[in-house]
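User: I am new to this structure and would appreciate a close look at a single part of it.

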Amino acid sequence: MVAYDLIVIGSGTAAQVAVSRIRAAGWSVAVIDHRPFGGTCALRGCDPKKMLVSGEEAISSRN
C-alpha cells in the first residue's frame, strides 16, 4: 500500500497550484480525477471557448 500526505480530488487549475506548492513543501501527493487531466477550464470551458470565439470573429471579420 502506498501512503500519501494528501490526496487532491480534481485536476483543474486550483488543484495544480495546490499540488505544486504542497510538493515543494516536501509532501507526497496523489491526484484523483475521473476526467482527463487539466480540469474544466483547460479542456471544456474557458480556453476552448476563447479559441472558438476568436476563430469565429476572424472568419466574420473577413466577410
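Where is the place of Gly26? Please describe its surroundings as well.

Analyst: This is a predicted model, in which local features need pLDDT of at least 70 and side-chain atom pairs count only at pLDDT 80 or more, while totals for chains, interfaces and linings use all residues. Residues are numbered from 1 along each chain as its sequence is written, and side-chain values use heavy atoms, with hydrogens and water left out.

Gly26 is placed in the loop between α1 and β2 (29–32); helices (H or I, at least four residues) and strands (E, at least two) are DSSP runs, numbered from the N terminus. Gly26 counts as exposed because its relative accessibility is 59%, where exposed means over 50% relative accessible area, buried under 20% and partly exposed in between (1.4 Å probe, protein chains only). A separation of 9.5 Å lies between the C-alpha atoms of Gly26 and Asp5, which are 21 residues apart along the chain.

Trp27 also belongs to the loop between α1 and β2. With a relative accessible area of 42%, Trp27 is partly exposed. Leaving aside neighbours within four places in sequence, Trp27 is in contact (heavy atoms within 4.5 Å) with Asp5, Leu6 and Ile22. From C-alpha to C-alpha, Trp27 and Leu6 are 7.5 Å apart, although 21 residues separate them in sequence.

Ile22 is also one of the five residues in the largest nonpolar core, together with Val8, Ala15, Val19 and Val29. Helix α1 (residues 13–24) gives the most to this core, with three residues. Such a core is a set of buried Ala, Val, Leu, Ile, Met, Phe, Trp, Tyr and Cys residues joined through side-chain atoms within 4.5 Å. Beyond its neighbours within four places in sequence, Val29 is in contact with Tyr4, Leu6, Val8, Val19, Ile22 and Arg23.
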